[in-house]
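Student: I have a structure open and would like to go through it by question and answer. Could we start?

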Amino acid sequence: MHNPQLNRHGELQHLLTLDGLPREVIVSILDHAAPFTEVAEREVKKLPLLRGKSIFNLFFENSTRTRTTFEIAAKRLTADVVNLNVSTSSTAKGESLLDTIDNLCAMHADMFVVRHAASGAPVLIAQHLLATGRDHIHVINAGDGRHAHPTQGLLDMYTIRHYKRDFGNLIVAIVGDVLHSRVARSQIAALGTLGVPEIRVIAPKTLLPTAIETMGVRTFNDMREGLRGVDVVMMLRLQNERMAGALLPTPQEYYKVWGLTPEKLELAKPDAIVMHPGPLNRGIEIDSAVADGAQAVILPQVTFGIAVRMAVMSMLAGQ
Amino acid sequence: MHNPQLNRHGELQHLLTLDGLPREVIVSILDHAAPFTEVAEREVKKLPLLRGKSIFNLFFENSTRTRTTFEIAAKRLTADVVNLNVSTSSTAKGESLLDTIDNLCAMHADMFVVRHAASGAPVLIAQHLLATGRDHIHVINAGDGRHAHPTQGLLDMYTIRHYKRDFGNLIVAIVGDVLHSRVARSQIAALGTLGVPEIRVIAPKTLLPTAIETMGVRTFNDMREGLRGVDVVMMLRLQNERMAGALLPTPQEYYKVWGLTPEKLELAKPDAIVMHPGPLNRGIEIDSAVADGAQAVILPQVTFGIAVRMAVMSMLAGQ
Amino acid sequence: MHNPQLNRHGELQHLLTLDGLPREVIVSILDHAAPFTEVAEREVKKLPLLRGKSIFNLFFENSTRTRTTFEIAAKRLTADVVNLNVSTSSTAKGESLLDTIDNLCAMHADMFVVRHAASGAPVLIAQHLLATGRDHIHVINAGDGRHAHPTQGLLDMYTIRHYKRDFGNLIVAIVGDVLHSRVARSQIAALGTLGVPEIRVIAPKTLLPTAIETMGVRTFNDMREGLRGVDVVMMLRLQNERMAGALLPTPQEYYKVWGLTPEKLELAKPDAIVMHPGPLNRGIEIDSAVADGAQAVILPQVTFGIAVRMAVMSMLAGQ
């Protein structure tokens, strides 16, 4: 079955992946997000766009941080939000994923925000909704396995556009554990679609997917070389659970070779921005002097992230 | 002390059990629920009936699924809902159940939705509220031990009435682990009160309570025999935790003898409906071909469940 | 850095500790709380004072009970509330406390309610907000280590004022595990500031902080002696985790010597009130006959606690 994220009019029906999402849809989401950044500055941070809608935060993998961003976005849109941390619930009782979905649909859900350890779970849900004719219910992928994290990719694009205006002449570097990163996959897809002429991927060989070049990126195994002259540095988070593994040396050794220090950052353009999806591993993939420095736009990413999520939610289910 | 679920005017004060609940009260709840099924179809699924009321979901036993149904029902009535998963909280600190209740009453609770592993806990709370003169605070039993699950029983009755209109000439079969099932107890009580002339209980002997016949049911230890000519098949969920026990053979053997297959279902009336409280154990107590088949009304049960809970909540505490 | 809980106009910017909080500020909070006790009696327990504000309940230490009081207070003020149980979240991923705070600030948080096992965590957060110029964001300490629990101390003062009117001629006794109690520290500070002429601390020597007399209290190691003639008895909760330790005898022995029985209570003034922060250890630090007796004001404490929290929240962030 095809990827069902666009309806037959080419409008966003679900947000599942940025891979293959048309340029005009991505731009439209970014454009929609802009006014929501102003809502957050108001005395009363509240719009009635999703009043009376039922949004279920379906987290099959624990992530307080990501769940919080969707919860606050939904509440500012006046939706009714229900958090389901499902690891300890129905599926523990042996209920299948799609039975859980069918149940929540029968409760008249309007939207599912889905985080799942298995790549493809949100697509599976969207296909099921399509197959059962429930096209008034929407799915947002909040991160699935190594596959995609589209709202993260979108907020990253929003951030780049905010600081660099035009994608057309940028060099963007993505640095770190690309192999295991759904964030990197969403970033690469969006950067390509938005016309970034040079996307670099900087990583140790053991953390590069095979055949990554087919995604239209240049790979570097030397961080200094890769950072030379870039406009945007997108750091990836090093998963703690990887650090214990055989793919990597100690955190100290990783930092020495792959950590973003002020000295390495000097190789980028003087006005280069530094991004990170958080949470930070200070002193491992990023030096505190960089994370807290003038070129970092890590906290603006978070702010824009709320606006982007409000935009996606209201585009999908708004009145 | 008597069961305090009716006040001195015979109106519903708490919902604790369907056993002994007068027919007119049950019918009144079902009648109240009907318009709430329409609210769920609206663009804005919201009514202000419980605005400013404080509802506490007091789950001493974890059940994301049941908690969700009450939470969404309360939010659609515009109540303030607070979820308390108490297993890891005050009672872990040694606070007694009634001290917890007294505390929440002192915070001006309006309603408790109580799930507890011990039979009788919600009745105990209701008696305590009565004894302390707090008759403006209401209790809904969301499942207690093996005792009762009255909102499940009511939504089952709503479902049967929806599809069969009249209870007066039905044959209804309840199939499975009756011994451990609070759902079965609530169903049997309500079916009897509503005048169902023949209630059958189909179960292996090891899963039948002793003296079950005193509840006015016919027992069958042969599933085929028991299903013959019935109008309604109410499957029970086989608790995973039982399956490991000595009472039962393997899941495969259980399925062979007690699983509802299309072939067994053919013994029922051609227009018989199949119900299940969920979550489903596909391939154990029910075959997927039946669960997803034309006679299954399992998802409508969930939909009606929200309406029934909104009805009970608004009857108890609505303005 | 100085304690940043007052802004340059001497107004409450954060609520971190009662130690050093000026008398007029404490009295002002108590005065603000009074009308909120009436809100709780209304049919619709709801005020729009915090509409559109985002309040984060940041519980680094689990406490369903305390979290519930803040959650219900915030919801009655129409705030958007997000609960973060952080022990299993970002900090588990290695994110620092202040990175978590920066992130939530970037989501346009208006207020943090912070419970933390480490003394000083809320002060650290407030200092960080001050240092980064974010003076529109407020912190309420919901209990930090052995340091302070200011809303508990304030509700205790509200309760004393409610029953005794004037602080100026009272004898108040605090009884129990003072050594480990943040509640006791907040109580002693507030009682002193409000001009209570005699504050007694009654505890076994092993549970008294060294140099406690410098806080302006009289210490007693004999409970009967200490209770003689007091107007207010403030019992402390014996932490279960202490009971296993070497500092204490068995619960039975503790009760015999340090439990508040009707017989011991007779030594206090006939109109003395008995307070307890909850949850109660019946039969350990307090006899049920006392806890449920005519002199106990334990449940009114809870009621006043909601009003006091609503007062603090609306003073900090209200329109």
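Student: Where is the place of B:P279 in chain B?
Tutor: This is a predicted model, where local features need pLDDT of at least 70, side-chain atom pairs count only at pLDDT 80 or more, and totals for chains, interfaces and linings use all residues. Residues are numbered from 1 along each chain as its sequence is written, while chains are lettered from A and ligands numbered from 1 in the order in which they are written. Helices (H or I, at least four residues) and strands (E, at least two) are DSSP runs, numbered from the N terminus. By that numbering, B:P279 sits in the loop between strand 9 (273–275) and helix 11 (288–291) of chain B.

Student: What is omega for the peptide bond from B:G278 to B:P279?
Tutor: Most residues other than glycine have a negative phi, and most peptide bonds are trans. The bond from B:G278 to B:P279 is cis, with omega near -10 degrees.

Student: And what is omega for the bond that joins A:G278 and A:P279?
Tutor: A:P279 is in the loop between strand 9 (273–275) and helix 11 (288–291) of chain A. The peptide bond joining A:G278 and A:P279 is cis, and its omega is about -15 degrees.

Student: Is B:R165 buried or exposed?
Tutor: B:R165 lies in the loop between helix 5 (150–164) and strand 5 (171–175) of chain B. Its phi is positive, about 65 degrees, although B:R165 is not a glycine. A residue is buried if 20 or more other C-beta atoms lie within 10 Å of its own, exposed if 12 or fewer, and partly exposed in between, with C-beta atoms placed from the backbone. B:R165 has 9 other C-beta atoms within 10 Å, so it is exposed.

Student: Is C:H108 buried or exposed?
Tutor: C:H108 is in the loop between helix 3 (97–106) and strand 3 (111–116) of chain C. It is not a glycine, yet C:H108 has a positive phi of about 65 degrees. Because 22 other C-beta atoms lie within 10 Å, C:H108 is buried.

Student: Which residues is A:R146 in contact with, leaving aside its neighbours within four places in sequence?
Tutor: A:R146 is in the loop between strand 4 (138–144) and helix 5 (150–164) of chain A, and it counts as partly exposed because it has 18 C-beta neighbours inside 10 Å. Two residues are in contact if their C-beta atoms, placed from the backbone, lie within 7 Å. With those sequence neighbours left aside, the contacts of A:R146 are A:S119, A:H180 and A:R182.

Student: Which element of chain B gives the most to the side that touches chain C?
Tutor: In this pair, 20 residues of chain B are in contact with 23 residues of chain C. Strand 2 (80–85) and helix 3 (97–106) of chain B are the elements that give two or more residues to that side of chain B. The element giving the most, with four residues, is helix 3.
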